[in-house]
Amino acid sequence: YTVMLEHLVEIASRELGAPVSQAVLTVPVEVDELGQRQLELAASKAGLDVLALLPEPVAAALTLVPEEQKTRITAVVDFGGGSFDVCILSMPPEADSGLTVLGAAGDRWLGGADFDRLLADVSAEEFFRVTGHRFETATEDLRLLQACEAAKRRLSTLDATEVILPKAANSDGFDKTLNVPFRRNDLALIGRKLVESAVDICHRALSAAE
(Lines give C-alpha, C1' and ligand atoms only; values in the text may rest on other atoms or scores of the structure.)
Protein backbone atom coordinates (compact mmCIF):
# COMPACT_ATOMS: atom_id res chain seq x y z
CA TYR A 1 0.00 0.00 0.00
CA THR A 2 2.67 2.51 1.03
CA VAL A 3 4.71 2.21 -2.17
CA MET A 4 1.57 2.53 -4.30
CA LEU A 5 0.35 5.58 -2.38
CA GLU A 6 3.78 7.22 -2.60
CA HIS A 7 3.64 6.74 -6.36
CA LEU A 8 0.13 8.25 -6.53
CA VAL A 9 1.23 11.22 -4.42
CA GLU A 10 4.14 11.79 -6.78
CA ILE A 11 1.85 11.72 -9.82
CA ALA A 12 -0.80 13.95 -8.23
CA SER A 13 1.80 16.50 -7.08
CA ARG A 14 3.34 16.63 -10.54
CA GLU A 15 -0.02 17.02 -12.29
CA LEU A 16 -1.28 19.68 -9.87
CA GLY A 17 2.01 21.57 -9.73
CA ALA A 18 1.94 21.61 -5.92
CA PRO A 19 2.74 19.19 -3.10
CA VAL A 20 -0.13 16.87 -2.10
CA SER A 21 -0.33 16.17 1.62
CA GLN A 22 -4.05 15.46 2.19
CA ALA A 23 -6.36 12.93 0.61
CA VAL A 24 -9.78 11.33 0.69
CA LEU A 25 -9.35 7.61 0.08
CA THR A 26 -11.93 5.18 -1.27
CA VAL A 27 -12.35 1.56 -0.20
CA PRO A 28 -14.60 -1.36 -1.21
CA VAL A 29 -17.77 -1.64 0.86
CA GLU A 30 -16.71 -4.89 2.55
CA VAL A 31 -13.31 -3.67 3.81
CA ASP A 32 -13.34 -4.20 7.57
CA GLU A 33 -11.99 -1.93 10.28
CA LEU A 34 -8.61 -3.68 10.28
CA GLY A 35 -8.26 -3.15 6.54
CA GLN A 36 -9.17 0.50 6.91
CA ARG A 37 -6.58 0.99 9.67
CA GLN A 38 -3.91 -0.67 7.52
CA LEU A 39 -4.73 1.67 4.64
CA GLU A 40 -4.62 4.74 6.92
CA LEU A 41 -1.26 3.60 8.33
CA ALA A 42 0.14 3.12 4.83
CA ALA A 43 -1.13 6.57 3.86
CA SER A 44 0.53 8.11 6.89
CA LYS A 45 3.85 6.46 5.95
CA ALA A 46 3.39 7.90 2.46
CA GLY A 47 3.10 11.39 3.97
CA LEU A 48 -0.67 11.73 3.59
CA ASP A 49 -3.16 13.13 6.05
CA VAL A 50 -6.32 11.09 5.45
CA LEU A 51 -9.35 13.38 5.66
CA ALA A 52 -11.90 10.59 5.12
CA LEU A 53 -12.38 7.01 3.97
CA LEU A 54 -15.34 6.66 1.63
CA PRO A 55 -16.96 3.53 0.22
CA GLU A 56 -16.17 3.46 -3.50
CA PRO A 57 -19.83 3.66 -4.66
CA VAL A 58 -20.40 6.70 -2.43
CA ALA A 59 -17.34 8.42 -3.91
CA ALA A 60 -18.70 7.73 -7.40
CA ALA A 61 -22.09 9.18 -6.45
CA LEU A 62 -20.49 12.45 -5.34
CA THR A 63 -20.08 13.32 -9.03
CA LEU A 64 -23.85 13.07 -9.56
CA VAL A 65 -26.19 15.96 -8.76
CA PRO A 66 -29.93 15.26 -9.09
CA GLU A 67 -31.45 17.37 -11.85
CA GLU A 68 -34.86 17.40 -10.22
CA GLN A 69 -35.32 19.55 -7.13
CA LYS A 70 -36.11 16.69 -4.79
CA THR A 71 -34.28 13.98 -2.91
CA ARG A 72 -33.52 11.02 -5.12
CA ILE A 73 -32.92 7.42 -4.10
CA THR A 74 -30.06 6.05 -6.17
CA ALA A 75 -28.41 2.66 -6.47
CA VAL A 76 -24.72 2.76 -7.31
CA VAL A 77 -23.39 -0.56 -8.63
CA ASP A 78 -19.61 -0.94 -8.80
CA PHE A 79 -18.54 -4.12 -10.62
CA GLY A 80 -14.78 -3.76 -10.62
CA GLY A 81 -11.99 -6.03 -11.70
CA GLY A 82 -11.74 -7.72 -8.32
CA SER A 83 -14.65 -6.57 -6.17
CA PHE A 84 -18.38 -5.91 -6.36
CA ASP A 85 -20.13 -3.21 -4.33
CA VAL A 86 -23.68 -1.89 -4.19
CA CYS A 87 -24.85 1.17 -2.25
CA ILE A 88 -28.38 2.54 -1.95
CA LEU A 89 -28.10 6.29 -1.37
CA SER A 90 -30.41 9.16 -0.54
CA MET A 91 -29.22 12.10 -2.65
CA PRO A 92 -30.59 15.56 -1.80
CA PRO A 93 -30.80 18.19 -4.55
CA GLU A 94 -28.22 20.41 -2.83
CA ALA A 95 -24.81 19.03 -3.69
CA ASP A 96 -23.24 20.28 -0.46
CA SER A 97 -25.83 18.81 1.90
CA GLY A 98 -24.32 15.34 1.83
CA LEU A 99 -25.39 11.82 0.94
CA THR A 100 -26.99 9.25 3.21
CA VAL A 101 -26.15 5.57 2.82
CA LEU A 102 -29.40 3.66 3.28
CA GLY A 103 -27.97 0.23 2.61
CA ALA A 104 -24.83 -1.40 1.28
CA ALA A 105 -23.47 -4.84 0.46
CA GLY A 106 -20.51 -6.23 -1.41
CA ASP A 107 -18.07 -9.01 -2.10
CA ARG A 108 -14.35 -8.24 -2.04
CA TRP A 109 -13.59 -11.30 -4.18
CA LEU A 110 -16.19 -11.07 -6.95
CA GLY A 111 -15.22 -9.11 -10.05
CA GLY A 112 -14.59 -8.98 -13.74
CA ALA A 113 -11.45 -11.07 -13.34
CA ASP A 114 -13.66 -14.03 -12.43
CA PHE A 115 -15.25 -13.89 -15.90
CA ASP A 116 -11.76 -13.78 -17.44
CA ARG A 117 -10.90 -16.92 -15.46
CA LEU A 118 -13.98 -18.75 -16.71
CA LEU A 119 -13.17 -17.91 -20.34
CA ALA A 120 -9.56 -18.95 -19.77
CA ASP A 121 -10.53 -22.31 -18.28
CA VAL A 122 -12.86 -23.12 -21.19
CA SER A 123 -10.29 -21.94 -23.74
CA ALA A 124 -7.48 -23.94 -22.13
CA GLU A 125 -9.57 -27.13 -22.12
CA GLU A 126 -10.47 -26.68 -25.79
CA PHE A 127 -6.81 -26.01 -26.69
CA PHE A 128 -5.78 -29.15 -24.80
CA ARG A 129 -8.44 -31.18 -26.63
CA VAL A 130 -7.11 -30.04 -30.00
CA THR A 131 -3.36 -29.92 -29.37
CA GLY A 132 -2.70 -31.90 -26.18
CA HIS A 133 -0.93 -28.87 -24.67
CA ARG A 134 -1.61 -27.77 -21.09
CA PHE A 135 -0.95 -24.22 -19.91
CA GLU A 136 1.32 -24.83 -16.93
CA THR A 137 3.50 -21.75 -16.47
CA ALA A 138 2.49 -18.44 -14.91
CA THR A 139 3.50 -16.61 -18.08
CA GLU A 140 1.28 -18.79 -20.25
CA ASP A 141 -1.64 -18.34 -17.86
CA LEU A 142 -1.18 -14.57 -17.74
CA ARG A 143 -1.10 -14.30 -21.54
CA LEU A 144 -4.27 -16.39 -21.78
CA LEU A 145 -6.05 -14.29 -19.15
CA GLN A 146 -5.14 -11.09 -21.00
CA ALA A 147 -6.49 -12.52 -24.25
CA CYS A 148 -9.69 -13.56 -22.47
CA GLU A 149 -10.15 -10.11 -20.93
CA ALA A 150 -9.83 -8.56 -24.40
CA ALA A 151 -12.44 -10.98 -25.77
CA LYS A 152 -14.78 -10.26 -22.86
CA ARG A 153 -14.56 -6.54 -23.59
CA ARG A 154 -15.37 -7.13 -27.25
CA LEU A 155 -18.47 -9.07 -26.23
CA SER A 156 -19.79 -5.87 -24.68
CA THR A 157 -20.54 -4.64 -28.20
CA LEU A 158 -20.34 -7.76 -30.38
CA ASP A 159 -22.54 -10.84 -30.45
CA ALA A 160 -19.55 -13.10 -31.09
CA THR A 161 -15.74 -12.98 -30.99
CA GLU A 162 -12.72 -15.24 -30.48
CA VAL A 163 -10.15 -15.69 -27.76
CA ILE A 164 -6.95 -15.47 -29.81
CA LEU A 165 -3.49 -16.23 -28.44
CA PRO A 166 -0.68 -16.39 -31.03
CA LYS A 167 2.19 -18.77 -30.32
CA ALA A 168 0.27 -20.40 -27.48
CA ALA A 169 2.37 -23.56 -27.85
CA ASN A 170 5.03 -25.12 -30.03
CA SER A 171 4.49 -28.59 -31.41
CA ASP A 172 6.65 -30.45 -33.91
CA GLY A 173 8.56 -27.24 -34.56
CA PHE A 174 5.45 -25.25 -35.42
CA ASP A 175 3.83 -22.52 -33.35
CA LYS A 176 0.22 -23.22 -32.43
CA THR A 177 -2.29 -20.39 -32.15
CA LEU A 178 -5.15 -20.68 -29.69
CA ASN A 179 -8.39 -19.58 -31.33
CA VAL A 180 -11.61 -20.33 -29.44
CA PRO A 181 -14.91 -18.73 -30.54
CA PHE A 182 -17.36 -17.36 -27.98
CA ARG A 183 -20.80 -15.85 -28.31
CA ARG A 184 -22.20 -13.38 -25.84
CA ASN A 185 -24.72 -16.05 -24.82
CA ASP A 186 -21.83 -18.43 -24.06
CA LEU A 187 -20.38 -15.95 -21.58
CA ALA A 188 -23.80 -15.44 -20.00
CA LEU A 189 -24.17 -19.19 -19.61
CA ILE A 190 -20.77 -20.00 -18.09
CA GLY A 191 -20.91 -16.88 -15.90
CA ARG A 192 -24.44 -17.49 -14.65
CA LYS A 193 -23.42 -18.35 -11.09
CA LEU A 194 -21.30 -15.19 -10.85
CA VAL A 195 -24.21 -13.07 -12.06
CA GLU A 196 -26.55 -14.76 -9.59
CA SER A 197 -24.09 -13.94 -6.79
CA ALA A 198 -24.05 -10.30 -7.89
CA VAL A 199 -27.86 -10.19 -7.96
CA ASP A 200 -27.98 -11.65 -4.43
CA ILE A 201 -25.69 -8.86 -3.25
CA CYS A 202 -28.02 -6.29 -4.85
CA HIS A 203 -30.95 -7.80 -2.96
CA ARG A 204 -28.99 -7.62 0.29
CA ALA A 205 -28.32 -3.91 -0.23
CA LEU A 206 -31.97 -3.26 -1.11
CA SER A 207 -33.11 -5.21 1.95
CA ALA A 208 -30.78 -3.24 4.21
CA ALA A 209 -32.19 -0.01 2.76
CA GLU A 210 -35.73 -1.31 3.20
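The largest pocket is lined by 16 residues, and Tyr1, Thr26, Val27, Pro28 and Leu39 are the ones nearest its centre. The elements giving two or more residues to this lining are α1 (2-16), β1 (22-27) and α2. This is a predicted model, so local features need pLDDT of at least 70 and side-chain atom pairs count only at pLDDT 80 or more, while totals for chains, interfaces and linings use all residues. Residues are numbered from 1 along each chain as its sequence is written, and side-chain values use heavy atoms, with hydrogens and water left out.

**The largest pocket**

- A pocket here is an open set of points on a 1 Å grid over the protein atoms alone, where a 1.4 Å probe fits, with protein on both sides within 12 Å along at least five of seven lines; lining residues have an atom within 4 Å of a point.
- The volume of the largest pocket is about 370 Å³, counted as the space filled by probe spheres set on grid points that are joined across faces, edges and corners.
- Its lining divides into 10 nonpolar, 3 polar and 3 charged residues. Ala, Val, Leu, Ile, Met, Phe, Trp, Tyr, Cys and Pro count as nonpolar, Asp, Glu, Lys and Arg as charged, and the others, Gly among them, as polar.
- Helices (H or I, at least four residues) and strands (E, at least two) are DSSP runs, numbered from the N terminus.

**Salt bridges**

- Side chains of opposite charge can pair when their charged atoms come close. The rule for a salt bridge is a side-chain nitrogen of Lys or Arg within 4 Å of a carboxyl oxygen of Asp or Glu, and the count comes to 11 salt bridges.
- Glu33 pairs with Arg37, with the closest N and O atoms 3.3 Å apart. Both sit in helix α2 (residues 33-45), 4 residues apart, which means that about one helical turn separates them.
- Glu33 is exposed at 57% relative accessibility, whereas Arg37 is partly exposed at 45%. Buried means under 20% relative accessible area, exposed over 50%, and partly exposed in between (1.4 Å probe, protein chains only).
- Helix α7 (residues 192-209) holds both Arg192 and Glu196, 4 residues apart, or about one turn of the helix. Their side chains meet in a salt bridge of 3.2 Å, N to O; Arg192 is exposed at 53% and Glu196 partly exposed at 39%.
- Arg183 and Asp186 form another salt bridge, with 3.1 Å between the closest N and O atoms. Arg183 is partly exposed at 48%, and Asp186 is partly exposed at 21%.
- A network of salt bridges links Arg117, Asp121 and Asp141.

**Cysteines**

- The structure holds 0 disulfides, a disulfide being a pair of cysteine sulfur atoms within 2.5 Å.
- For Cys87, the closest cysteine sulfur is in Cys202, 11 Å away, and therefore too far for a bond.
- Cys87 is buried at 1% relative accessibility, and Cys148 is buried at 0%.

**Aromatic rings**

- There are 3 aromatic pairs. Rings of Phe, Tyr and Trp (its six-membered ring) pair if their centres lie within 6.5 Å; planes under 30 degrees apart count as stacked, over 60 as edge-to-face and the rest as tilted.
- One of these pairs joins Phe79 and Phe84, tilted, at 4.7 Å centre to centre with 55 degrees between the planes.
- Phe79 is partly exposed at 36%, while Phe84 is buried at 2%.
- Phe79, Phe84 and Phe115 are linked by ring pairs into a cluster.
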